[in-house]
Amino acid sequence: MRELLEIVQVDANCIDAMQPAAGEFPLRVPRSYAARMRKGDPADPLLLQVLPLHAERMDVPGFAHDPLRETGLANQGVLKKYRGRALLVTTPACPVHCRYCFRRHFPYADQVAARDRWEPALRTLRGMTDVTEVILSGGDPLSLTNRWIGELLHLIEGLGHIDTVRFHTRFPIVLPERVDHGILTLLSTNQLRTVMVVHCNHANEIDSSVRAALEAVARTETVLLNQSVLLKGINDNADRLESLSRALFSCGVLPYYIHLLDPVRGAAHFDVPASRGTELIQELRCRLPGYLVPQLVREEPGQPGKTAIG
Ligand SMILES: *Cc1c(COP(=O)(O)O)cnc(C)c1O
Ligand code: SF4
């Protein structure tokens with residue numbers, strides 16, 4: 001933490017940072033992402049996404065360890081909440097630890113379809129004959145090596161009833177170096193329709209290396225979408241959301257979802273009320289073409305899909 005504050009040249013006295021204790025969600029941020037933060041600005045929107053603050057220790061009513069009640073839902077790393085789509089929890093690892101993440105308390109050790117457990121996960125998927133799309137999630141599926149990803153894609157192709165594979169990944173945004181020749185080859189040569197949903201919350205996250213990575217993915221004919229989270233102090237104003245949509249589009253990415261924060265314990269200080277979210281989306285509809293306005297959604301436990309707001 002001290003090192004991060006040194007890199008961004010922020011005085012520890014200006015910000016209510018804390019060192020996570022053992023067993024808490026640790027600080028994790030790639031240097032190349034930290035390099036995109038504005039120096040000397042304790043309110044930098046990239047810094048605030050990754051810096052642990054004392055506010056995380058507040059116990060706020062309604063903010064729970066498992067707000068989506070997913071614990072216990074996964075079967076061999078396969079989570080099927082929505083019709084036709086199954087989510088595969090491939091790895092617990094992420095390139096960055098986003099402080100608002102709803103998976104910060106997820107018991108991955110029990111529920112990851114890791115390498116030695118792919119066979120059980122595949123068996124589960126084989127039985128889900130109504131599923132046509134597999135969503136590779138985690139953690140972040142690009143934490144796996146290209147060889148593992150290649151094997152997994154091959155196994156999914158072999159199931160027969162799956163026609164689409166979707167990657168949910170933050171790598172192209174936070175560590176674009178990961179988008180190497182190997183992964184690009186897998187994206188362009190697999191036999192499935194391929195969708196990649198990246199996760200970017202602020203236009204400052206996109207620099208020339210991110211742009212190059214996204215453009216390279218777009219050339220593989222992968223459909224590129226973005227999801228973001230509406231976060232207090234980071235992107236909860238119309239100017240910032242407009243800039244984000246325009247920056248994404250200039251790299252070939254369409255905005256897909258903007259999520260209301262999941263009420264996870266430790267993230268209450270990021271919360272933006274749904275009514276404010278609705279106002280912002282209405283403002284965006286005036287400013288942007290419809291295809292650059294993301295859908296505002298919330299996840300509610302037990303619902304058959306995301307709930308659209310406004
Ligand atoms: C969000 C999500 C999906 C995908 O939903 P889409 O609306 O198709 O993007 C699938 N499974 C789970 C468990 C999810 O949380
Ligand atoms: S990359 Fe995604 S899964 Fe990982 S910590 Fe950030 S929001 Fe959570």
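The tour starts at the ligand and then moves on to some loops.

First, some housekeeping. You have a predicted model, in which local features need pLDDT of at least 70 and side-chain atom pairs count only at pLDDT 80 or more, while totals for chains, interfaces and linings use all residues. Residues are numbered from 1 along each chain as its sequence is written, chains are lettered from A and ligands numbered from 1 in the order in which they are written, and side-chain values use heavy atoms, with hydrogens and water left out.

**Stop 1: the ligand**

Select ligand 1 and show what lies around it: Leu79, Lys81, Tyr82, Arg85, Leu87, Ile135, Arg166, Tyr256, Tyr257, Glu299 and Lys306 (each has a heavy atom within 4 Å of the ligand). By class, that shell holds six nonpolar residues, five charged and no polar (Ala, Val, Leu, Ile, Met, Phe, Trp, Tyr, Cys and Pro count as nonpolar, Asp, Glu, Lys and Arg as charged, and the others, Gly among them, as polar).

Now look for polar contacts (pairs of N or O atoms within 3.5 Å; within protein, one must be able to donate a hydrogen and the other to accept it, and residues adjacent in sequence count only if both atoms are side-chain atoms). A ligand 1 oxygen is 2.5 Å from a side-chain N or O of tyrosine 257. For tyrosine 256 the distance from a ligand oxygen is 2.7 Å, and for lysine 306 it is 3.0 Å. Of the 390 Å² of accessible area that ligand 1 has on its own, the protein covers 93% (Shrake-Rupley method, 1.4 Å probe; for residues, only the protein chains shown count as cover).

Color by secondary structure next. Two or more shell residues come from each of β1 (78-82), β2 (85-89) and β7 (254-259), and β1 gives the most, with three (strands are DSSP E runs of at least two residues, helices H or I runs of at least four, numbered from the N terminus).

**Stop 2: arginine 99**

Go to the loop between β2 and α4 (108-111) and pick arginine 99. Is arginine 99 buried or exposed? It's buried, because its relative accessible area is 0% (buried means under 20%, exposed over 50%, partly exposed in between; 1.4 Å probe, protein chains only). Its side chain reaches the backbone oxygen of phenylalanine 25 at 2.8 Å.

**Stop 3**

Zoom in on glycine 138 and glycine 139, joined by a cis peptide bond with omega about 15°. Glycine 139 lies in the loop between β3 (133-137) and α6 (146-159).

Finish at glutamate 221, in the loop between α9 (208-219) and β6 (223-229). Its phi is near 65°, positive in a residue other than glycine, and at 70% relative accessibility glutamate 221 counts as exposed.
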